Amino acid sequence: MLYSLNHPDSEVASFTFMQFGRGGFDAIDLERFCLFNRQQKEAVIAYLGFFKSHEIEGDEQDNRDYQNNLNYVIKLWEELILNETSVPL
């Protein structure tokens with residue numbers, strides 16, 4: 001995570017970002033993410049929040065879609081903390 005924060009345009013950042021649910025959660029993701037403790041989940045939310053200030057290549061619509069998806073994923077992680085068990089898929 002630290003490397004990708006220092007190199008947000010790297011493949012490492014892209015891979016790490018995608019692994020935290022860029023497209024939403026499936027059952028396998030929930031199995032993995034439910035093992036995270038509260039502090040780890042909060043760290044993921046902070047990590048994802050860092051990317052809110054990052055623009056992607058593309059036009060304004062691409063960046064709006066990126067921001068909307070990012071907000072959605074952050075909300076899923078927040079619900080993981082609240083529910084401590086599962087998030088609606």
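Y47 is buried in this predicted model, with a relative accessible area of 2%, where buried denotes under 20% relative accessible area, exposed over 50% and partly exposed in between (1.4 Å probe, protein chains only). F51 is likewise buried, at 2%, and Y47 and F51 form an edge-to-face aromatic pair, 5.1 Å centre to centre with 70 degrees between the planes; rings of Phe, Tyr and Trp (its six-membered ring) are paired if their centres lie within 6.5 Å, and planes under 30 degrees apart count as stacked, over 60 as edge-to-face and the rest as tilted. Residues are numbered from 1 along each chain as its sequence is written, and side-chain values use heavy atoms, with hydrogens and water left out. Because the model is predicted, local features need pLDDT of at least 70 and side-chain atom pairs count only at pLDDT 80 or more, whereas totals for chains, interfaces and linings use all residues.

Ten aromatic pairs are found in the whole structure. In one of them, F36 and W77 are tilted, at 5.7 Å centre to centre and 45 degrees between the planes; F36 lies in the loop between α3 and α4 and W77 in helix α5, so this pair ties together parts that are 41 residues apart in sequence (helices, H or I of at least four residues, and strands, E of at least two, are DSSP runs numbered from the N terminus). F36 is partly exposed, at 25% relative accessibility, whereas W77 is buried, at 0%. Ring pairs link a cluster that includes F17, F20, Y47, F51 and W77.
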